[in-house]
Amino acid sequence: MLKQYTVEYSLQSRKHHPPEHHHYYTDDPVACEEFVQGLLQHGMGLHAIKREGVELPRAEFDRLVKIAAAEVASRAICASLHIKPEEERHRFGFAA
């Protein structure tokens, strides 16, 4: 049975050779978002996000990446400034 979400990614970007693509599979949309957060946080390549085998439309892909990036930024700000998410949200506006 096909998993609902598939994330196609690479571990590192290579300038002269195409990177080897890997796949992450899950049925949980939250787990998918958390995986994308990890990719962004570690600077890995994100090539595609598919739902039921079909690539997400550009707007939906961009929305998921934007949400994941905001969460990564929020956690980094909270950790660096030693503040709570509520204060981060008020001062910087990233926390959900």
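Of the 96 residues in this chain, 29% count as buried, where buried means under 20% relative accessible area, exposed means over 50%, and partly exposed falls in between (1.4 Å probe, protein chains only). Keep in mind that this is a predicted model: local features need pLDDT of at least 70, side-chain atom pairs count only at pLDDT 80 or more, and totals for chains, interfaces and linings use all residues. Residues are numbered from 1 along each chain as its sequence is written, and side-chain values use heavy atoms, with hydrogens and water left out.

Now for the overall layout. The C-alpha atoms fill a box of roughly 40 × 35 × 20 Å, taken along the principal axes. Inside it you'll find three helices and four strands; here helices (H or I, at least four residues) and strands (E, at least two) are DSSP runs, numbered from the N terminus.

Strands of a sheet pair through backbone hydrogen bonds, either parallel or antiparallel. In this model the four strands make an open sheet, ordered β2-β1-β3-β4, with antiparallel pairing; two strands pair if DSSP finds at least two bridges between them. The edges belong to β2 (22-26) and β4 (54-55), which have a single partner strand each, so one side of each is left without a neighbour in the sheet.

Strand β1 (residues 5-10) is joined to β2 by five bridges, and to β3 by six, again in the antiparallel sense. V7 is a handy residue to look at: its bridge partner in β2 is Y24, while in β3 it is I49.

Over in β2, have a look at T26. This residue is buried, with a relative accessible area of 10%. Its side chain reaches the backbone nitrogen of D28 at 3.1 Å. Leaving aside neighbours within four places in sequence, T26 is in contact with K3, Q4, Y5, A31 and C32.

Helix α1 lies across β1, β2 and β3 (45-51), running at about 10° to β1. Axes are lines fitted to C-alpha atoms, for helices over the stretch in contact, and angles run from 0 to 180 degrees between N-to-C directions. Helix α1 (residues 29-41) also packs with helix α2 (residues 58-81) at an angle of about 65°, their axes 9 Å apart. Where the two helices come together, C32, E33, V36, Q37, L40 and Q41 in α1 meet L64, V65, I67, A68, A69, E71, V72 and R75 in α2.

How values were computed
Contact means heavy atoms within 4.5 Å. A polar contact is a pair of N or O atoms within 3.5 Å; within protein, one must be able to donate a hydrogen and the other to accept it, and residues adjacent in sequence count only if both atoms are side-chain atoms.
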